[in-house]
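Student: I have a structure open and would like to talk it through. Could you help me see how the parts fit together?

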Amino acid sequence: MFDPFKTLEVPTTFDLEDAELHMKFIQASSLHHPDRHTDPVKQAEAAEKSAAINQAYAILSDPERRADALLQQLGGPAKEDDKSLPPALLMEMMEVRETLEEAIADNNKMELEKLRGWAHDQKHTHLTKIAQLFDKAGDVLSEADAKAIRLELNALRYIQRMLEQMP
């Protein structure tokens, strides 16, 4: 299994400092850059390693993807295997989406900004809960902790997709 934490030589934790992560990425990228080699075999190996470094950074620099990778690394369920959501989320999202569609149709910029703010607040709330759950669990996840993290991640995904689709 691909381990983005090991690839960038950073701690296997949810709480990573952006500056430290970026520094590790730059160091690894420069160390394994294909242009450092003239031998075609070593160049190809470096290109492969460079691609893995880029993939690891893409995963770890995105909190949602980082949490998903960490959850799976600690033995939690994959998003494909557990699509559970908080009980009230679907109803709430249907209402918010309806309000969003009306705001878009009416070109109501104030309402759009209000919804964008709500979505960012929700994203922050879910990321905070995820961080707290990982902190509480430590290196070994109980089944209950793993399910709670997956539930928060699935809810976060709904919020994130809404933000991506907003004008």
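Student: Okay, how confident is the predictor in the chain, in terms of pLDDT?

Tutor: Please keep in mind that this is a predicted model, and that the chain averages a pLDDT of 94, with 100% of the residues scoring at least 70. Confidence is lowest in α3, where the mean is 94, and highest in α1, where the mean is 97.

Student: Now the rings: how many aromatic pairs does the structure hold?

Tutor: There are 2 aromatic pairs in the structure. In one of them, the ring centres of F14 and F134 are 5.8 Å apart and the planes meet at 20°, so this pair is stacked.

Student: Why does 20° make the pair stacked?

Tutor: Planes under 30 degrees apart count as stacked, and the planes of F14 and F134 are at 20°, so the pair falls in that class.

Student: And where do F14 and F134 lie?

Tutor: F14 is in the loop between α1 (4-8) and α2 (18-31), while F134 is in helix α6 (residues 109-137), so the pair ties together parts that are 120 residues apart in sequence. Both F14 and F134 are buried.

Student: What about the rings of F25 and Y57, how far apart are their centres?

Tutor: The centres of the F25 and Y57 rings are 4.2 Å apart and their planes are at 15°, so this pair is stacked as well. Since F25 belongs to helix α2 and Y57 to helix α3 (residues 40-60), the pair ties together parts that are 32 residues apart in sequence. With a relative accessibility of 14%, F25 counts as buried.

Student: Back to F14, which residue has its charged end over that ring?

Tutor: That residue is R66, whose charged end sits over the ring of F14, at 5.0 Å from the ring centre.

Student: Next topic, then. Which residues touch the most other members of the largest nonpolar core?

Tutor: The largest nonpolar core has 28 residues, and L8, F14, L60 and F134 are the ones that touch the most other members. At least two residues of this core come from each of α1, α2, α3, α4 (63-73), α6 and α7 (143-165), and α6 gives the most, with 6 residues. As general background, nonpolar side chains in soluble globular proteins tend to be buried together.

Student: What does F134 touch, leaving out residues up to four places away in sequence?

Tutor: With those left out, F134 touches F14, A67, L70, L71, L74 and I149. There is also a second, separate core of 13 residues, which includes M93, I159, M162 and M166.

Student: Let's go to α3. How far apart are its end C-alpha atoms?

Tutor: The end C-alpha atoms of α3 are 30 Å apart, and this agrees with the 30 Å that its 21 residues should span at 1.5 Å a residue.

Student: Which residues of α3 are buried?

Tutor: In α3 the buried residues are A46, S50, A52, I53, A56, Y57, I59 and L60, and the buried residues of this helix pack against α1, α2 and α4.

Student: Now α6. Is H126 buried or exposed?

Tutor: H126, which is found in helix α6, counts as buried at 7% relative accessibility. Leaving aside neighbours within four places in sequence, H126 is in contact with E152, A155, L156 and I159.

Student: And K123, what is that in contact with?

Tutor: K123 is also placed in helix α6, and, leaving aside neighbours within four places in sequence, K123 is in contact with L156, I159, Q160 and L163. At 25% relative accessibility, K123 counts as partly exposed.

Student: How does R116 count at 19% relative accessibility?

Tutor: R116, another residue in helix α6, counts as buried at 19% relative accessibility, because the cut-off for buried is under 20%. Not counting residues up to four places away in sequence, R116 touches L163, M166 and P167.

Student: Last one: what is the phi of E9?

Tutor: E9 has a positive phi of about 55°, although E9 is not a glycine. E9 is in the loop between α1 and α2 and is exposed, with a relative accessible area of 61%. N107 has a positive phi near 55° and is likewise a residue other than glycine, and N107 lies in the loop between α5 (89-105) and α6.

Technical notes
Residues are numbered from 1 along each chain as its sequence is written. This is a predicted model: local features need pLDDT of at least 70, side-chain atom pairs count only at pLDDT 80 or more; totals for chains, interfaces and linings use all residues. Side-chain values use heavy atoms; hydrogens and water are left out. Rings of Phe, Tyr and Trp (its six-membered ring) pair if their centres lie within 6.5 Å; planes under 30 degrees apart count as stacked, over 60 as edge-to-face and the rest as tilted. Helices (H or I, at least four residues) and strands (E, at least two) are DSSP runs, numbered from the N terminus. Buried means under 20% relative accessible area, exposed over 50%, partly exposed in between (1.4 Å probe, protein chains only). A charge sits over a ring if NZ of Lys or CZ of Arg is within 6 Å of the ring centre and within 35 degrees of the ring normal. A nonpolar core is a set of buried Ala, Val, Leu, Ile, Met, Phe, Trp, Tyr and Cys residues joined through side-chain atoms within 4.5 Å. Contact means heavy atoms within 4.5 Å. pLDDT is the predictor's confidence in each residue, from 0 to 100. The expected span of a helix is 1.5 Å times one less than its number of residues.
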